[in-house]
Amino acid sequence: MNALGKSDLKVSEISFGCMSLGENQSHASHLLRKAFDNGINFFDTADLYDKGMNETYVGEALKSVRKEIVLATKVGNQWRPDGNGWEWNPSKEYILKAVEQSLRRLQTDYIDLYQLHGGTIEDPIDETIEAFELLKQQGKIRWYGISSIRPNVIREYIKRSSIVSVMMQYSLLDHRPEEEILKLLADHHISVISRGALAQGRLLGKKEGDYLQFSSSEVLKAAKAIHKLAGKLDTSDTAVALAYVLENRAVASAVTGFRTEEQLDQGLSILKNRPKLSPDELQVLRTQVRSFTYDSHR
């Protein structure tokens, strides 16, 4: 278990990204309980997923072990009244209203980690922070963080709030956080919750085509490097891709989506026996892709 920033929360190195659960409640419940029974204690959902149904499934499946898990959800995307899409709303009024709905769906009276689900530099940031601090004082949330890849937004929350985590996309094929943000967060004792470590399956050779600023040939080169190192270490490509992000001192947990029992079994195997990558092995992987950095929201 890893400490989550300055908080008293301890989270499993592999966490369950619940967005991928789907609409079959019995299957979702089975996967969630199996994950918990085998060492995953950190579950991440959002009020946006399936218009709140995802929270409902998670709450129902895990209510009997509520005090033994770290439950995270997100706020800020408000569904339109007609249900056709959503709008960004980081206002204090909306956050205080939305948390009540999340608590009801999750069948709990507190959320361990409440996260702002996005954010721009034009947001009323102080008002948003006020909402989270008030909820913390009321005992409705224990800690809060943000989900963002925008350096300018992250820096403002570091300066102005008591966030304990930042969820962000991070992988060998999206190493933009390595430029400055990972070190900045680690220096402030704020943990990264990584997502997208497998780059939508491209690092496993399961998808072809461009990815972000990388051409299909560059993506293939990175996937081959992952596969080669996996063979050397007698482990899976997935394990190496996850290990790449987890070796960074800023990263507390890698959020992983499990749609099938096979995927979950593989994730549990990695949790119990993750390969440790040496600095030389990390460098070999890193030299297989050209460097690029955030070109906006800096």
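**Figure 1. Helix α9 supplies the largest share of the lining of the largest pocket, 5 residues.** This close-up, like the others here, comes from a predicted model. The pocket has a volume of about 1100 Å³, and 40 residues line it. To find its centre, look for G196, V255, T256, G257 and R259, the lining residues that lie nearest to that point. Elements giving two or more residues to the lining are β3 (14–17), β10, α8, β12 (251–256) and α9 (261–272). By residue class, the lining divides into 16 nonpolar, 16 polar and 8 charged.

**Figure 2. Strand β10 is largely enclosed by the rest of the structure, because 5 of its 5 residues (165–169) are buried.** Both faces of the strand are covered. On one side sit S165, M167 and Q169, and on the other V166 and M168, all of them buried.

**Figure 3. Strand β10 pairs in parallel with β9 and with β11.** Let's start with β9 (residues 141–147), which is joined to β10 by 2 bridges. Here S147 has M167 of β10 as its bridge partner. Turning to β11 (residues 191–195), we find 5 bridges to β10, and Q169 stands opposite R195 of β11. Together with helix α6 (residues 181–187), β10 and β11 make a right-handed β-α-β unit.

**Figure 4. The largest nonpolar core takes in 82 residues.** Three of them, F16, F43 and Y114, touch the most other members. Helix α8 (residues 237–246) gives the most to this core, contributing 8 residues. Another core lies apart from it and has 13 residues, including L9, V11, F42 and V164.

**Figure 5. The second largest pocket has a volume of about 180 Å³.** Its lining is made up of D47, L48, K51, G52, N77, Q78, W79, Y94, A98, Q101 and R105. The lining residues divide into 4 nonpolar, 4 polar and 3 charged.

**Figure 6. R104 lies in helix α3 (residues 92–106).** R104 counts as exposed, because its relative accessibility is 54%, above the 50% cut-off. For a sense of distance, compare R104 with V284: the two are 180 residues apart in sequence, and their C-alpha atoms are 48 Å apart in space.

How values were computed: Residues numbered from 1 in each chain as written. Predicted model: local features only at pLDDT ≥ 70, side-chain atom pairs only at ≥ 80, totals over all residues. Heavy atoms only, no water. Buried < 20%, exposed > 50% of the residue type's maximum accessible area, 1.4 Å probe, protein only. Helix = DSSP H or I, 4+ residues; strand = E, 2+ residues; numbered from the N terminus. Pairing = 2+ DSSP bridges. Right-handed = clockwise from strand over helix to strand, strands pointing away. Core = buried A, V, L, I, M, F, W, Y, C linked by side-chain atoms within 4.5 Å. 1 Å grid on protein atoms, 1.4 Å probe; cavity = no way out; pocket = protein on both sides within 12 Å on 5 of 7 lines; lining within 4 Å. Points joined across faces, edges and corners; volume = space filled by probe spheres on them. Nonpolar A, V, L, I, M, F, W, Y, C, P; charged D, E, K, R; others polar.
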